[in-house]
Amino acid sequence: MRCVVANWKMNLHFAEASNFCAAFAEDYTPVEDVRVAIAPPSILLWTIHSQLRERGVTTFAQNGHFDSKGAFTGEISMSQIRDAACSGVILGHSERRRMFDETDETLAKKVAAAQGCKLLPLLCIGETMVEREREQTFSVIQTQLSVLKGVSSGPIWVAYEPVWAIGTGRTADARQIHEAHHFIREELRVILGEAGSAVPILYGGSVNMGNFANILSVPEVAGALVGGASLDPTAFAQMVKVAQSA
Ligand code: PEP
């Protein structure tokens with residue numbers, strides 16, 4: 001299975017999202033075994049769902065709270081995300097870790113809450129440049145993956161996103177991606193047992209039309225989490241085609 005997920009972050013308004021869907025639908029033909037998801041700002045989730053559900057495109061939230069309801073102004077719960085027809089939720093994106101103090105402890109609760117609501121957690125992990133230079137890449141990844149210990153073995157996707165490659169135009173090279181994905185696969189097998197072999201591991205970090213085919217040819221890369229380039233429907237449709245023909 002291949003997976004291509006658009007992370008729109010805090011971009012686009014209703015009309016722009018609607019135009020995106022219309023343009024994307026023109027270029028997109030679903031293919032079995034290639035999953036396509038869009039993670040817009042939560043206020044746009046229903047817009048995307050209503051325009052693209054018949055094409056088999058699913059929606060992911062970009063974050064969710066682990067409590068089921070209550071006095072958490074500004075938050076949305078996993079069951080509300082599910083109720084908005086999402087199939088998944090991005091968790092642990094480096095922007096949330098860095099700017100909103102998301103911790104591994106909180107993420108463990110979020111992964112469990114998402115699975116409890118039948119949402120697919122897409123757990124983002126990856127090292128900063130300082131950590132890479134200090135040769136801490138594998139230990140950082142190991143710690144970030146440890147949130148999966150004790151979590152039931154429901155479906156989960158993982159995205160390896162070196163922080164230094166996100167939004168910088170600088171991608172990890174094939175060797176760096178291979179090393180990291182191979183290490184993640186081994187860790188997933190240790191934590192999840194046999195189920196760890198089936199977890200799709202996506203790469204994220206400045207993926208675009210020009211580099212996606214090469215990235216996808218790296219062993220253990222099941223697809224991509226795409227930020228900036230996913231805001232252009234033609235470019236995103238093109239990347240989906242790359243995944244479909246890989
Ligand atoms: C991301 O936000 O997850 C991401 C990978 O962004 P970009 O593709 O813009 O680097």
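This is a predicted model: local features need pLDDT of at least 70, side-chain atom pairs count only at pLDDT 80 or more; totals for chains, interfaces and linings use all residues.
The strands form a closed barrel of eight, in the order 1-2-3-4-5-6-7-8, with parallel pairing. On average, neighbouring strands of this sheet are turned by 25° against each other, direction ignored.

Strand 5 (120-125) deserves a separate look. On one side, strand 4 (residues 88-91) pairs with strand 5 in the parallel sense over four bridges, with Val-89 opposite Pro-121; four bridges also join strand 5 to strand 6, again running parallel, and here Ile-125 stands opposite Tyr-160. Because six of the six residues of strand 5 are buried, this strand is largely enclosed by the rest of the structure. The burial extends to both faces, with Leu-120, Leu-122 and Cys-124 on one side and Pro-121, Leu-123 and Ile-125 on the other. Helix 7 (residues 137-145) lies across strand 5 and strand 6 (157-160), running at about 155° to strand 5.

Elsewhere, helix 2 (residues 45-52) has as its buried residues Leu-45, Thr-47, Ile-48, His-49 and Leu-52, and these pack against helix 1 (14-27), strand 2 (34-39) and strand 3 (58-61).

Definitions and conventions:
Residues are numbered from 1 along each chain as its sequence is written. Side-chain values use heavy atoms; hydrogens and water are left out. Buried means under 20% relative accessible area, exposed over 50%, partly exposed in between (1.4 Å probe, protein chains only). Helices (H or I, at least four residues) and strands (E, at least two) are DSSP runs, numbered from the N terminus. Contact means heavy atoms within 4.5 Å. Two strands pair if DSSP finds at least two bridges between them. Axes are lines fitted to C-alpha atoms, for helices over the stretch in contact, and angles run from 0 to 180 degrees between N-to-C directions.
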